[in-house]
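Take a look at the sequence and the 3D structure below.

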Amino acid sequence: MAPLKVTKICCLGAGYVGGPTCAVVALKCPHIKVTIVDFNQARIDAWNSPDYNLPIYEPGLEDVVRQARGRNLFFSTNVDQAILEAELIFVSVNTPTKKSGVGAGFAADLNYVELATRQIARVSTSSKIVVEKSTVPCRTAESMRTILEANSKPGCRFDILSNPEFLAEGTAIQDLFAPDRVLIGSLQTPEGKSACESLVEVYNNWVPKQKIFTVGLWSSELSKLAANAMLAQRISSINALSAICEATGANIDEVSNAVGMDSRVGPKFLRASVGFGGSCFQKDILNLVYLSESLHLPEVAAYWRQVVEMNDYQKRRFSKRVVDTLFNTITGKRIAVLGFAFKADTGDTRESAAITLIRDFQAERARISIYDPKVEESQIWQDLQEASPTVPLVDIQKNVTITHSVLEATRDVEAVIIATEWREFKLIDWHAVYAQMSKPAFLFDGRLLVNPDELRQIGFRVSVIGRGETL
Ligand SMILES: NC(=O)c1ccc[n+]([C@@H]2O[C@H](COP(=O)([O-])OP(=O)(O)OC[C@H]3O[C@@H](n4cnc5c(N)ncnc54)[C@H](O)[C@@H]3O)[C@@H](O)[C@H]2O)c1
């Protein structure tokens, strides 16, 4: 069976994954018309904005959109029309952790995936290859297939593929241009393999065949959860060791370098920090925990759950260290938090460690000033409100100020917290910051960004994750 040559692609979901991924598909495949749709009008308007004021910040993304938009890349809210036209549909909708009902707090909320699937079934008048790009629990493709087959019109067949996305926010475009691998899962039937081949051909416009890994559907779905769980597990492991370093006087940087030089371990993802954030790690591990429990594997569930618990512990430990160091009280004290995004080079704040820290400082009635180079003010207020739902926003705003520069944020403060590893923070004029702070001036580095010895020379009292030196 000859694989279908794809000429029209539609992507449901214009978020952090759908937007950059399909913009790159359009750039690299000028012969394919790519339409990215979303029912969020504001998001689509931003993707279409004449001055390229895109809804997400990602280095290199604007350049990709500038080259392809209007040529073979289109953004629209007309979901039905895009589904009708397309031969291949990426489903890149959100799959957050369930907030209520069975599996609340752990399981993935598949409501958006199901609604998208039902919409594809309802609207389609011709056969489609439906590609699951969202991160989903193992065997979701089977549910999608059941829905599609039960609702399909005569002559329409649906082939389901799993093609999880491994991009990292902050380096998404680089990752999409030269991925470590593209993973495609399909049913091992002639039709499944043929659909898989069609998607391989799309990627092969810029990704070498040896980097395109085709597997069974369920392995593909599980591999995405497994990859995120293993990455997060490395961070929690090094963070657990950072607590031992602080208690013993060892230096976590030295320990992680020594461990990472072992070629069996490797150096990546061994950097201690105030804890991992982002929309994926915690959600995907909790999803794996839920899956393990559903499969009656409680020991496996407990193992992975501990990775998230260690992350929560790391954030709590950091907040406590700030309070302990500032003479056991921060009530009424001024604290600057540098960085609000969950990592550098993104405006994404989902599960950012900064949110938890600021919530903890607010509970102690500290006065907080925040500076982040990319996160919108409205997003910060929304996150702080969600983190403290019982406190009215006006009350939050009495003790929190959003500023526009490092110098503005750190004026008259008693302590500076580095919460995100923005490059800009590596270039801070610490002499100028020190000169305008209250004394003693404390600095807490949650990202191993500063040189503590240099800052101590200036006069700072420096506290770094994973280092036990006395202040
Ligand atoms: N963010 C990441 O770094 C990352 C990386 C790999 C995988 N993922 C996974 O990719 C998926 C999407 O993540 P995201 O960060 O892009 O989410 P997001 O919230 O930024 O974007 C999802 C978009 O889908 C839209 N949507 C929902 N239902 C729709 C429908 N029926 N039709 C059209 N649009 C619809 C929403 O309005 C939203 O704009 C998730 O499953 C996530 O776990 C995310």
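## Two domains

Into which domains is the chain divided? Domain 1 covers residues 8-207, and domain 2 covers residues 240-464. Keep in mind that this is a predicted model.

Taken over C-alpha atoms, the centres of domain 1 and domain 2 are 33 Å apart. The two domains also touch. In domain 1, 16 residues are in contact with 16 residues of domain 2. On the side of domain 1 that touches domain 2, ten residues are nonpolar, four are polar and two are charged.

## Around the ligand

How many residues surround the ligand? The shell holds 28 residues. The closest are G13, G15, Y16, S134 and T135.

Sort the shell by class and you get 13 nonpolar, eleven polar and four charged residues. Which helix gives the most to this shell? The answer is helix α5, residues 111-123, with four residues.

## The annotated residue C280

An unreviewed UniProt entry carries the annotation "active site" for C280. Find C280 in the loop between α10 (252-260) and α11 (281-294).

Is C280 buried or exposed? C280 has 26 other C-beta atoms within 10 Å. A residue is buried if that count is 20 or more, so C280 is buried.

Now look past the neighbours of C280 within four places in sequence. C280 is then in contact with T135 and N228.

Key. Residues are numbered from 1 along each chain as its sequence is written. This is a predicted model: local features need pLDDT of at least 70, side-chain atom pairs count only at pLDDT 80 or more; totals for chains, interfaces and linings use all residues. Domain bounds come from an automatic or database domain assignment. Two residues are in contact if their C-beta atoms, placed from the backbone, lie within 7 Å. Ala, Val, Leu, Ile, Met, Phe, Trp, Tyr, Cys and Pro count as nonpolar, Asp, Glu, Lys and Arg as charged, and the others, Gly among them, as polar. A residue is near a molecule or strand if its C-beta atom, placed from the backbone, lies within 6 Å of it. Helices (H or I, at least four residues) and strands (E, at least two) are DSSP runs, numbered from the N terminus. UniProt positions are given in the numbering used here, feature names are shortened, and annotations may be inferred rather than shown by experiment. A residue is buried if 20 or more other C-beta atoms lie within 10 Å of its own, exposed if 12 or fewer, and partly exposed in between; C-beta atoms are placed from the backbone.
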